[in-house]
Amino acid sequence: MAKMILEIQSRGLNQYHRLENFPVTVGRALDNDIILSDASVSAHHLRLEQDEAGQLFAHNLSDENGTRMNGHKLGQQPVLAPIPSLLLLGNRKMRLVSSEMPVEMTHVSRCSGIFTPLCKPLWAGLLLLLTIVSLLVDAYLDTSLQKEPLFYLSGLLPNLLWILLWTLLIGGISRLVTHRWEFVPALSVVSLFTLIPLILQELGVG
């Protein structure tokens, strides 16, 4: 019989607990077998039981936010839990799955070869710094009269805001596609595409 896994879902990396010795209790109290830190989860929220035939039963123990399984709210009696099943304990999502369930394809990093520096925080920081300096120089050269430093810094803020927004947008797209936040490569790309037009402008290209 395939072993069962409790997958606790989160925005980052999911957590997996192998279910071997029953019953298994889930909740915020430290005497549970699986401890959750979510404030919407009761101290003792759920008990998972297994009968002699190997069938799994979910028993809701929470009187506060309760438990939902596959969209249905559980009462006070144990309910047969098919595999796989989706569970909602308060606001915490989790799944009951088999250890034989196939996994997703491995994410292959595309940061290799000439693109490797784009994935390094140091290079991303240097590109951003060079972009900021170039924006300040460009603003200084475009101003006919000398201004106070605060004038140039205030003009820099909208550009920094656009860099931040584009970085978040590209990072969000990478999260949807690869299930990973790729902020460093996104910051490198946005800084590079902001910097290149400034350099070409100063060289008189275009």
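**View 1. Three salt bridges turn up in this structure.** A salt bridge here means a side-chain nitrogen of Lys or Arg within 4 Å of a carboxyl oxygen of Asp or Glu. Keep in mind that this is a predicted model: local features need pLDDT of at least 70, side-chain atom pairs count only at pLDDT 80 or more, and totals for chains, interfaces and linings use all residues. Residues are numbered from 1 along each chain as its sequence is written, and side-chain values use heavy atoms, with hydrogens and water left out.

**View 2. E7 pairs up with R95 in a salt bridge.** Their closest N and O atoms sit 2.6 Å apart. E7 belongs to strand β1 (residues 4–8) and R95 to strand β11 (residues 92–98), so this pair ties together parts that are 88 residues apart in sequence. Strands are DSSP runs of E, at least two residues long, numbered from the N terminus. E7 is buried, at 4% relative accessible area, while R95 is partly exposed, at 21%. Buried means under 20% relative accessible area, exposed over 50%, and partly exposed in between (1.4 Å probe, protein chains only).

**View 3. D38 and R92 make another salt bridge.** Here the closest N and O atoms are 3.5 Å apart. This one also links distant parts of the chain: D38 is in the loop between β4 (34–35) and β5 (46–50), R92 is in strand β11, and the two are 54 residues apart. D38 is buried, with a relative accessible area of 16%.

**View 4. R47 meets E49 in a salt bridge.** The closest N and O atoms of this pair are 2.8 Å apart. R47 is partly exposed, at 23% relative accessible area, and E49 counts as partly exposed too, at 22%.

Note on methods. Helix = DSSP H or I, 4+ residues; strand = E, 2+ residues; numbered from the N terminus.
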